[in-house]
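Look over the sequence and the model first, then read the points below.

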Amino acid sequence: MTRLSGITPSGHVHLGNHLGALRRWATGGGPEDLYFISDLHAMTLPYRPERLRALTRENLAVLLASGITADSVFVQSDLAGELGALNWVLECTCGFGEAARMIQFKEKGAGQDSARLGLLTYPVLMAADILLQGATEVPVGVDQNQHVELARTLARRFNGGRGEVFVVPRAVVPKTAASVRDLSDPARKMAKSAQQQAGVVFVLDEPDVVRRKFRRAVTDDRASVRYDPDEQPAVANLLEILAACTGGSPYAATSAASTYAQLKDTVAEAVVELLRPVREGARELLDDPAELDRVREKGAARAAERARPRLDAAMRVAGLR
Ligand code: AQP
């Protein structure tokens, strides 16, 4: 089994990324697993090069501090040549309608003349990320499920029409914390690129900042700590976060507090303790640029070595060699 997944350095890593992705990537995997910083994906929206560089470094440090081994990380653009080649091969098998139906494209760019073409086609690049490494499982939050479906479709289509080259991957969506919601608005998922960051808890936030964000979290006027995602989505989000931190169920987490104020304090403390080693570890790594560079170089060499035979096979059966 090979698990592969990525994080886009479109902003600072947040609690949703940690609970829904990084924490799971760090446990239960095998020596073949790969996790990458998808800096190419971060270019699909307007961005500043200096900030992208800094965030790529920061995201890498957070991955390592989350317990993901140095042997299984790489930065996507270090494989830009291999990925660019496979991306083109796959784009030439993907319909415009298939790409335009992606929910993230509809949310972030559909109907806007200024939307980058890369925003439309990046799910194909994501398919290239997955297929190039022969991943069997792709751990993702529920929001990325559709993109993995596209990778499966493209793999089957290519294999069926040209020759068996790709492993058909499957998405693995976590049962709890599959989508952590914004603390200020439970209708929105917690997101790196949120316009208002008051409801987004970042992994590198200092403890007092985390506490303040939870204290200001929206709830409702029912004054009852119950787990009811339909009727009380904001409270349900807090209970899900608490459950994800403590390992119980959101229903069981209701016994931790009888008022909303207590619930917020309890969740805040659980999150502060969960994130403490990650924050401290990442800060240490960020103070050691040479070590981060070394990890990055080794990761690039390993990922490229693994990618080449499959890329060669794909080019060959596509009639290019
Ligand atoms: N709110 C979330 N709850 C649970 N999991 C989440 N993930 C993202 N947001 C949540 C998961 O984190 C991994 C890396 O995410 P990504 O870098 O691919 O970014 P994204 O899914 O587009 O969402 P972000 O992090 O909030 O960034 P922006 O604002 O740029 O969209 C993935 O496994 C993702 O499912």
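Helix axes here are lines fitted to C-alpha atoms over the stretch in contact, and angles run from 0 to 180 degrees between N-to-C directions. This is a predicted model: local features need pLDDT of at least 70, side-chain atom pairs count only at pLDDT 80 or more, and totals for chains, interfaces and linings use all residues. Residues are numbered from 1 along each chain as its sequence is written.

**Overall build**

- The protein chain has 12 helices and seven strands. Helices (H or I, at least four residues) and strands (E, at least two) are DSSP runs, numbered from the N terminus.
- The radius of gyration is 20 Å, close to the 20 Å that the globule rule gives for 321 residues, so the protein chain is as compact as a globular protein of that length. The radius is taken over C-alpha atoms, and the rule is 2.2 Å times the number of residues to the power 0.38.
- Along the principal axes, the C-alpha atoms fill a box of roughly 65 × 45 × 40 Å.
- Of the 321 residues, 44% are buried. Buried means 20 or more other C-beta atoms within 10 Å of the residue's own, exposed means 12 or fewer, and partly exposed lies in between, with C-beta atoms placed from the backbone.
- Take the contacts between residues at least 6 apart in sequence: 74% join residues at least 24 apart. A contact needs C-beta atoms, placed from the backbone, within 7 Å.

**Helix 6 and helix 7**

- Helix 6 (residues 117-132) and helix 7 (residues 145-161) pack at about 70°, with axes 9 Å apart.
- The two are therefore roughly perpendicular. Angles under 35 degrees count as roughly parallel, over 145 as roughly antiparallel, 65 to 115 as roughly perpendicular and the rest as oblique.
- Their crossing is right-handed.
- Pro123, Met126, Ala127, Ile130 and Leu131 of helix 6 meet His147, Leu150, Ala151, Leu154 and Ala155 of helix 7.
- By class, this contact of helix 6 with helix 7 has nine nonpolar, one polar and no charged residues. Ala, Val, Leu, Ile, Met, Phe, Trp, Tyr, Cys and Pro count as nonpolar, Asp, Glu, Lys and Arg as charged, and the others, Gly among them, as polar.

**Partners of helix 11**

- Helix 8 (residues 207-215) and helix 11 (residues 260-286) have axes that come within 9 Å and cross at roughly 150°. They are therefore roughly antiparallel.
- Helix 8 passes helix 11 in a right-handed crossing. Pro207, Val210, Arg211, Phe214 and Arg215 of helix 8 meet Lys264, Val267, Ala268, Val271 and Val272 of helix 11.
- The contact of helix 8 with helix 11 has seven nonpolar, no polar and three charged residues.
- Helix 2 (residues 49-65) also packs on helix 11: the axes come within 8 Å and cross at roughly 130°. That makes helix 2 oblique to helix 11.
- This crossing, too, is right-handed. Glu58, Ala61, Val62, Leu64 and Ala65 of helix 2 touch Val278, Gly281, Ala282, Leu285 and Leu286 of helix 11.
- The contact of helix 2 with helix 11 has eight nonpolar, one polar and one charged residues.

**Ser77**

- Ser77 sits in the loop between strand 3 (73-75) and helix 3 (80-91).
- Ser77 has 19 C-beta neighbours inside 10 Å, so it counts as partly exposed.
- Ser77 and Ser38 are 39 residues apart along the chain, yet their C-alpha atoms are separated by 7.4 Å.
- Leaving aside neighbours within four places in sequence, Ser77 is in contact with Asp39 and Leu40.

How values were computed: Contact = placed C-beta atoms within 7 Å. Left-handed = near helix turned anticlockwise from the far one by under 90°.
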